[in-house]
Amino acid sequence: MKDKITAVPKYRVIGIGKTLDCEHSIAVAVNNRGQVVIQAMGKFATSYLWTNGKIIEITPPERGVNCWVGGLNDHGTVVGSIGADREHRTAYSWQASKRTGLYPLDRGNTYATGITNDDVAYGDSYNRHGIARGVLWRKRDDPYDIGVAGSSVHIAGVSSDGPYTAYAENRGNPISWILYNGNRMEYLPEGCIGHNINDQGAAVGACSLPKNKGTQPFFYFKQKLTKLPTLGSKIACARDINNQEWIVGQSGLLITQQQRGCLWCNNRLYDLNRLIQSSGKLLVTNATSINNSNLIVGAAIVGGKEIACLLVPER
């Protein structure tokens with residue numbers, strides 16, 4: 001991690017999911033324009049794009065169909081999947097209220113989990129043998145299978161350096177993850193699973209503790225893995241990293257095991273709730289994404305309900 005000391009700001013928290021008619025919601029990703037995609041859950045899964053206080057629903061083709069969101073890029077293009085249930089999904093891209101389908105491999109269950117600023121979408125698509133394959137879509141009708149023959153593969157993150165900078169999980173051996181870095185593959189240490197990667201190739205995720213007794217967050221760069229501190233619990237995970245190597249995720253407290261949204265910066269761990277100027281009885285329990293302006297999104301508990309939240313640095 002970078003040694004340069006950067007002052008960590010106080011944050012103002014906004015409950016951007018307060019007005020949604022759902023059982024609970026979580027902010028999935030934030031782009032460098034400050035736009036946020038939200039996943040809401042109720043009788044059906046629904047997805048939303050938040051822009052400067054305005055919320056637009058990402059509408060499925062018909063009511064009664066689930067809509068899941070995977071991510072968005074700086075152009076405001078959103079990707080995700082729609083379907084009757086999680087086993088029967090089709091991938092989509094969406095921009096300016098227009099939805100476009102992404103072609104599957106062999107007509108199998110398909111979902112998009114992210115998209116680069118070069119408009120390369122990525123995600124999973126099952127082939128005719130029922131095996132998940134990591135897929136890149138440079139064009140909507142041209143899914144590119146990056147998988148290893150005979151293995152089940154999942155892309156967790158792609159940087160803007162190129163479509164081959166990604167994580168892939170070999171589900172036949174779930175403790176073996178591969179970092180695709182250009183044309184080079186780097187195997188992460190046994191038991192470590194990556195969640196995201198920044199434009200410099202620095203990655204974050206979680207490593208299994210011995211005897212599967214929990215997980216510890218990690219930072220990985222240039223074949224060196226650094227385990228990150230936690231708030232005391234053995235259940236913790238790093239979920240995203242920006243280009244300044246600010247890392248967000250969650251960790252449980254030692255005594256209560258209550259989950260808290262976390263920020264790792266300057267080789268230190270911060271409970272995000274301690275960085276909030278005035279929370280208004282809102283407890284941040286998860287941080288899922290951070291952009292290059294250090295805006296953070298995730299989920300918070302208010303009045304016993306989990307809602308999507310946005311944390312804005314105070315200048």
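Contact here means heavy atoms within 4.5 Å. The views below come from a predicted model, in which local features need pLDDT of at least 70, side-chain atom pairs count only at pLDDT 80 or more, and totals for chains, interfaces and linings use all residues. Residues are numbered from 1 along each chain as its sequence is written, and side-chain values use heavy atoms, with hydrogens and water left out.

View A. Let's start with serine 289, which lies in strand β26; strands (E, at least two residues) and helices (H or I, at least four) are DSSP runs, numbered from the N terminus. Serine 289 has a relative accessible area of 6%, so this residue is buried (buried is under 20% relative accessible area, exposed over 50%, partly exposed in between, with a 1.4 Å probe and protein chains only). Leaving aside residues up to four places away in sequence, serine 289 touches Val28, Ala29, Val30, Asp240, Val248, Leu295, Ile296 and Val297. With aspartate 240, the side chain of serine 289 makes a polar contact of 3.2 Å. Such a contact is a pair of N or O atoms within 3.5 Å; within protein, one must be able to donate a hydrogen and the other to accept it, and residues adjacent in sequence count only if both atoms are side-chain atoms.

**View B. The disulfide between cysteine 192 and cysteine 207.** The two sulfur atoms are 2.1 Å apart, where a disulfide is a pair of cysteine sulfur atoms within 2.5 Å. A search of the whole structure finds one disulfide. Cysteine 192 sits in strand β18 (residues 192-197) and cysteine 207 in strand β19 (residues 203-208), so the bond ties together parts 15 residues apart in sequence. The S-S torsion is about 100 degrees, which means that the disulfide is right-handed. Cysteine 192 is buried at 4% relative accessibility, and cysteine 207 is buried at 2%.

**View C. Two nonpolar cores.** A nonpolar core is a set of buried Ala, Val, Leu, Ile, Met, Phe, Trp, Tyr and Cys residues joined through side-chain atoms within 4.5 Å. The largest has 19 residues, and Val13, Leu263, Leu272, Val284, Ile296 and Leu311 have the most contacts inside it. Elements giving two or more residues to this core are β1 (11-14), β24 (259-265), β26 (283-290), β27 (296-302) and β28 (305-313). Another core, of 15 residues, lies apart from it and includes Val30, Ile38, Tyr48 and Leu310.
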